[in-house]
Amino acid sequence: MPRSIFLGRPMPGPGEPLWLEDDRAWAYALHTVEADRCPDCRQPWGEATDPDSEGTWRAEVIRCHSCATAAAAVGRFEKDGGDTRGLHVHVRRG
C-alpha cells in the first residue's frame, strides 16, 4: 500500500497514479534500511559488524511458549517416526 494512501490520501481515480514519487522514495528508503540488517538478529549491519561495537551488545534469553509448544509437538511427531519434511505447525491457545 502506498504510504500516502495509508496516511489518508483518497484512492486515486481512473488515470491517476496509485504510487506517487514520494511513496516510491519512502518505499525505497524502507527497502534500503531492511536490506542492511543481519538476517538473524535484525540489527543494522554497520553497527552489528563494527569492531568498535564488540562487547557493547547485551542479550536476554527468553522463551516463546508458543514456539516451545510447537517444537515439542514436532519432537514427538519425529520420535514416533513422522517425516518432518515440509511440516508446518499451527499453534493456537487451547
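Student: Which is Glu 21, buried or exposed?
Tutor: Glu 21 has a relative accessible area of 56%. Buried means under 20%, exposed over 50% and partly exposed in between, worked out with a 1.4 Å probe on protein chains only. So Glu 21 counts as exposed.

Student: And what kind of model are we looking at?
Tutor: Residues are numbered from 1 along each chain as its sequence is written, and side-chain values use heavy atoms, with hydrogens and water left out. Local features need pLDDT of at least 70, side-chain atom pairs count only at pLDDT 80 or more, and totals for chains, interfaces and linings use all residues, this being a predicted model.

Student: How many salt bridges does the structure hold?
Tutor: Another joins Arg 85, exposed at 70%, to Asp 83, partly exposed at 41%, with the closest N and O atoms 2.6 Å apart. Asp 23 and Arg 9 also meet in one, at 3.8 Å, N to O. The total is 3.

Student: How many residues apart in sequence are the parts that Asp 23 and Arg 9 tie together?
Tutor: Helices are DSSP runs of H or I with at least four residues, strands are E runs of at least two, and both are numbered from the N terminus. Asp 23 lies in helix α2 (residues 21-35), while Arg 9 is in the loop between α1 (3-6) and α2. So the pair ties together parts whose separation in sequence, in residues, is 14.

Student: What is the relative accessibility of Asp 23?
Tutor: Asp 23 has several neighbours, among them Pro 2, Arg 3 and Leu 18, leaving out residues up to four places away in sequence; contact means heavy atoms within 4.5 Å. Asp 23 itself counts as buried, at 2%.

Student: The backbone nitrogen of which residue does the side chain of Asp 23 reach at 2.7 Å?
Tutor: A polar contact is a pair of N or O atoms within 3.5 Å; within protein, one must be able to donate a hydrogen and the other to accept it, and residues adjacent in sequence count only if both atoms are side-chain atoms. The backbone nitrogen of Leu 20 lies 2.9 Å from a polar atom of the Asp 23 side chain. The backbone nitrogen reached at 2.7 Å belongs to Ser 4.

Student: Arg 3 lies over the face of which residue?
Tutor: A charge sits over a ring if NZ of Lys or CZ of Arg is within 6 Å of the ring centre and within 35 degrees of the ring normal. Arg 3 is 3.8 Å from the ring centre. The ring belongs to Trp 26.

Student: How many disulfides does a search of the whole structure find?
Tutor: A disulfide needs a pair of cysteine sulfur atoms within 2.5 Å. The sulfur of Cys 38, a buried residue at 12%, is 3.7 Å from the closest cysteine sulfur, in Cys 41, too far for a bond. Cys 64 is in no disulfide either, as the nearest cysteine sulfur, that of Cys 67, is 3.6 Å away. The search finds 0.

Student: What is the phi of Arg 42, about?
Tutor: Most residues other than glycine have a negative phi. Arg 42 sits in the loop between α2 and α3 and is partly exposed at 41%. Although it is not a glycine, Arg 42 has a positive phi of about 70°.

Student: How far apart in space are Glu 47 and Lys 79?
Tutor: Glu 47 is in helix α3 (residues 45-48) and touches Ser 53 and Trp 57, not counting residues up to four places away in sequence. In sequence, Glu 47 and Lys 79 are 32 residues apart. In space, C-alpha to C-alpha, they are separated by 42 Å.

Terms used. A salt bridge is a side-chain nitrogen of Lys or Arg within 4 Å of a carboxyl oxygen of Asp or Glu.
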